[in-house]
Amino acid sequence: MTSVNNRKATQVFSSDRESEYWSVLRTKSLPLEFQPCIGISEFPLAQSCRIGAMASVAVAEAHPSPEELVAKARAPVKIQFLCPPPPRNSDEKLAAKGDGTVLAGDDVTGSTSILTEKKSKRQLKRERRQELKSSSHLCPEVAKTGDFSSCPYGENCRFSHDVDAFNAQKPQDLDGVCPFLNEERPCPYGLSCRFSGTHKVTDTGIASEDASKAKRDIEMNLLRKNVQKLLWKNKMKFPKAHASLKFLAQEKKKINDDDDDDDNGGVLMARVPGDIVQDGRSVGSDAAMDEMDCVAQIDKIDGSDISDEQGLSKKTKCSNDESCLLPSSDEQDSHKKIVYESHEKSITDCSVDENDKSLKLHPREKKLIDFRGKLYLAPLTTVGNLPFRRVCKALGADVTCGEMAMCTNLLQGQASEWALLRRHSSEDLFGVQICGAYPDTVTKTVELIEQQCMVDFIDINMGCPIDVVVNKGAGSALLTKPMRMKSVVEASCRAVDTPLTIKVRTGYFEGKNRIDSLISDIGNWGACSITIHGRTRQQRYSKLADWDYIYQCARGAPKTLQVLGNGDVFSYVDWNNHMSSCPELASCMIARGALIKPWIFTEIKEQRHWDISSGERLDMLKDYARFGLQHWGSDSKGVETTRHFLLEWLSYCCRYIPVSLLDVIPQKINWRPPSYFGRDDMETLMASESAADWIRISEMLLGKVPSGFTFSPKHKSNAYDKAENG
């Protein structure tokens, strides 16, 4: 009788009260309310039955089983935590605004029907100068000392010297303490610091134990002004790069001469049309035209300066003088103690002429790096910045790598591109990633990095799928031109002693993998290791990574070449499966898994599923905010820059589902999370996919956003077909 009454009550609830229940639940699930349960007194039906129990029964009858959800790549969240999805309208434009609301139909940039007059470069430059002269941009030297006479430029300074006007318009100080409080020197931002109220006014500085900590907490690989000026004027010398490229051109000329002799009645060798025969074996190429392009570019080198791909464009000047943040040369030299693991054999077996023996070290002297068993944080564009790497390093990452930098921009001396090469003192095994299309630009870039930076390895990106990179012939475009790949790697390895690694995808077009045919030759080109992302360029990040193909390439690689796998590693179970399935793998690179849950490194090392709480996650965000203020600055501009990159990271963090909320563990990276309630208010807020809620989290750490603030995520992965609402 009870079951019959419950069934009747369920029918009544489903037909008459379900819409009211979900509407009230939506009201209660607004981010500012955080009410996972509804008061029984709010419904008349509560007198005869319990609404929460009835809702669970109604949802359970229509809810698929966990196995069915997993088969559809949907996260199997427990029923009691589910909530209705937020209302969406695909025809509306949603913009996250600074007041913490999401308004439909707003046009942030203005009406598209009104055409604004395009301003000339001279007008824009004039406006920038006028903006710098405003009271909101105080001279850095005046901000440090508070005395306008301390500026060496005097009246010719492009910044404002009016301290009173600056203080009148300066926003209120943020809660907390200055991130530079524990350093030996005063805060480099002085009066412009948003935490200036916590500055210590002393002459002796800080305690000795804090001073030693401050000396260790420095950044390296900063662009020196004299080097930047040489790059601006295209007067930087690259002797090793020129010699390496000249040697490579001579080798290619010999190969072409041998081919001509064979065609004129010499020894006939069977080969596929378009292949290049070297030492009696075919190394493969796409087309003769691609090979001739490489030779034509390298033949231009006669020992003098050579131009880059399309000539260096107008140089970009740094707007801020960061001399106050530059560590001394002694401090940088003290951190240049990198331990490399020795091997008996060299990674390359290329012959060198008598005059070119200085280009290469003896096999026993060649520096090598061992990735075996190490947790490698992948180079991540935009989000993989220095503060994020510091967070991952504290959570157990062994190897870190900077964001991808374009070779041409580095050779032009662009300060924004050189900032991607910065290294923190806590990164004991660190590399940088560069991307270029031709041997001359890549070779000169690696020589420049070896001269000016302290890195343990240099990674060449040959798998970037971004259109703007591929259209220039770099990134994944090199996968269609293996002979150019060979020229880039060989010339770069000959020019530097720093270990070189490469990162590739399985191929360019879906269903046409080609790394397996090149893996045996890549070890002879001079690369120390190769990382294979188990997707093609055409796939981007859709579908699952093809780890079986990665295993195949690892088994076919020479023993001198370390092979790392990459793609969809999201738990220690995934890591263990890949490493046990293919012992030939040196390690696995972790990319998006670290963005969604950076504590994955701790899980792998401790071999457990970390059911992390919202408080622990908030502490990580606090660390990131503090590291960001130390990196980008504690003034208003630095605070907003930190906020921007924090919001970019939060756009990934919302995809994480706590362990206790899942019916099936571990979570897979391709699972699409439903709308759900967390175990507390903060966890519910962190699970939101709305940019307005991400802004609320940033305001907890960095204060209120300025008026008119808007945010839209830069990266929108196509691995999820769910519409973004932020």
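## Two helices crossing

Helix α24 (residues 636-653) passes helix α26 in a right-handed crossing, meaning the near helix is turned clockwise from the far one by less than a right angle. The contact residues split into nine nonpolar, three polar and two charged; here Ala, Val, Leu, Ile, Met, Phe, Trp, Tyr, Cys and Pro count as nonpolar, Asp, Glu, Lys and Arg as charged, and the others, Gly among them, as polar. On the α24 side you'll find Val639, Arg643 and Leu647, among others, meeting α26 residues that include Trp694, Ile697 and Leu701, with contact being heavy atoms within 4.5 Å.

As for geometry, α24 and α26 (residues 691-702) pack at about 135°, axes 10 Å apart. That makes the pair oblique, the label for whatever isn't under 35 degrees (roughly parallel), over 145 (roughly antiparallel) or 65 to 115 (roughly perpendicular).

## Where the model comes from

This is a predicted model: local features need pLDDT of at least 70 and side-chain atom pairs 80 or more, while totals for chains, interfaces and linings use all residues. Residues are numbered from 1 along each chain as its sequence is written, and side-chain values use heavy atoms, leaving out hydrogens and water.

## A covered strand

Strand β9 (residues 430-435) has six of its six residues buried, i.e. under 20% relative accessible area with a 1.4 Å probe, protein chains only. Phe430, Val432 and Ile434 point one way, Gly431, Gln433 and Cys435 the other.

β9 runs parallel to β7 (residues 400-406), joined by five bridges, and Cys401 sits opposite Gly431. Four bridges link β9 to β10 (residues 457-462), also in the parallel sense, with Val432 opposite Ile458. Pairing takes at least two DSSP bridges.

Technical notes. Axes fitted to C-alpha atoms, helices over the stretch in contact; angles between N-to-C directions. Buried < 20%, exposed > 50% of the residue type's maximum accessible area, 1.4 Å probe, protein only.
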